[in-house]
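Q: I'd like to learn how to read a structure one feature at a time. Could you walk me through this one?

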Amino acid sequence: MTFFGSSFGCTTLPQPDAPLAERKETAANSLRVVGLNLYNRPWERKKRLYRALESFEELGADVLALQEVSTGWILPGDPVELFSERLGMHFARFWHETNLGIFKTGLAILSRYPIESSEYHHFERYPFWDTKGYMLARIQTPHGLLQVVNVHLASTRDLELTATPIHQRRLFEL
């Protein structure tokens, strides 16, 4: 089973309009997977991170796929360590930019279940100061091995930087 994550959420909730108590009761053979771009800007950062944490707690996600996970002197604190500690989750993280030591940013996958392996691949082309890529994690769940691909794409109209059909095919072959 493979899950592709980007900056969107995907859960196994029964019905979006069902009462929260019913949605929290996850079927024995399902997993809740949530993806989110943390938006690593410094303004109101702490407020955004704690709001995200509250949402993750309420959703009861089994797996989180996060983009723009960042830390540094202009972005204090480490979101992955905060979420991992508060939610009791394992994690794998990769930095794809270090920005001259001012701050670093990357991707992370957190899981209630053990992460057996993880790897990162950067895209060959990206805008200056905006490295992008994807990570892959293999998670051992009670339902078997789950492969999660967390993708961070650039927002651009530059056709030189968009994912070509060959790149898209490579991702789906994972």
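Q: In what order do the elements of the protein run from the N terminus on?
A: Helices (H or I, at least four residues) and strands (E, at least two) are DSSP runs, numbered from the N terminus. Here the order is β-β-α-β-α-β-α-β-β-β-β-β-α, which comes to 4 helices and 9 strands. This is a predicted model, where local features need pLDDT of at least 70, side-chain atom pairs count only at pLDDT 80 or more, and totals for chains, interfaces and linings use all residues. Residues are numbered from 1 along each chain as its sequence is written, and side-chain values use heavy atoms, with hydrogens and water left out.

Q: Where in the protein is confidence lowest, and where is it highest?
A: The score to read is pLDDT, the predictor's confidence in each residue, from 0 to 100. The mean pLDDT of the protein is 78, with 68% of its residues at 70 or more. Confidence is lowest in strand β2 (residues 9-10), with a mean of 32, and highest in α3, at 96. Over residues 6-16 the pLDDT is below 50, and this stretch has 33 contacts in the model beyond near neighbours in sequence. A contact means heavy atoms within 4.5 Å.

Q: What percentage of the residues count as buried?
A: Burial is read from relative accessible area: buried is under 20%, exposed over 50%, and partly exposed in between (1.4 Å probe, protein chains only). Of the 174 residues of the protein, 39% count as buried. As for contacts with a separation of 6 or more, 63% of them come from residues 24 or more positions apart.

Q: How far apart are the end C-alpha atoms of helix α2?
A: The expected span of a helix is 1.5 Å times one less than its number of residues. Helix α2 (residues 45-59) has 15 residues and should span 21 Å; its end C-alpha atoms are 21 Å apart, which agrees.

Q: Which residues of α2 are buried?
A: They are R45, L49, A52, L53 and F56. Seen down the axis of α2, these buried residues fall within an arc of 100°, so they line one face of the helix. That arc is taken over the directions from the helix axis to the C-beta atoms. The packing partners of the buried residues are β3 (33-37), β4 (63-72) and α3 (79-87).

Q: How many of the residues of β4 are buried?
A: In β4, 9 of its 10 residues are buried, so the strand is mostly covered. Two strands pair if DSSP finds at least two bridges between them. β3 and β4 run parallel and are joined by 5 bridges; L36 has L66 in β4 as its bridge partner. E68 also sits in β4 and is buried, at a relative accessible area of 11%. Its phi is near 55°, a positive value in a residue other than glycine.

Q: In which sense do strands β5 and β6 pair?
A: Strand β5 (residues 90-97) and strand β6 (residues 103-111) pair in the antiparallel sense over 7 bridges. A92 has I109 in β6 as its bridge partner. The two strands form a hairpin with 5 residues between them, and N99 in the turn has a positive phi of about 50°.

Q: What does W95 touch?
A: W95 is found in strand β5 and is partly exposed, at 28% relative accessible area. Not counting residues up to four places away in sequence, W95 touches V69, S70, T71, K104, T105 and G106. The C-alpha atoms of W95 and G133 are separated by 10.0 Å, although these residues are 38 residues apart along the chain.

Q: How many aromatic pairs does the structure hold?
A: A pair of aromatic rings is described by the distance of the centres and the angle of the planes. Rings of Phe, Tyr and Trp (its six-membered ring) pair if their centres lie within 6.5 Å; planes under 30 degrees apart count as stacked, over 60 as edge-to-face and the rest as tilted. The structure holds 2 such pairs. The rings of F56 and F83 have centres 5.3 Å apart and planes at 90°, so this pair is edge-to-face. F56 lies in helix α2 and F83 in helix α3, so the pair ties together parts 27 residues apart in sequence. F56 counts as buried at 3% relative accessibility, and F83 at 0%. F94 and Y120 form a stacked pair, 6.0 Å centre to centre with 25° between the planes.
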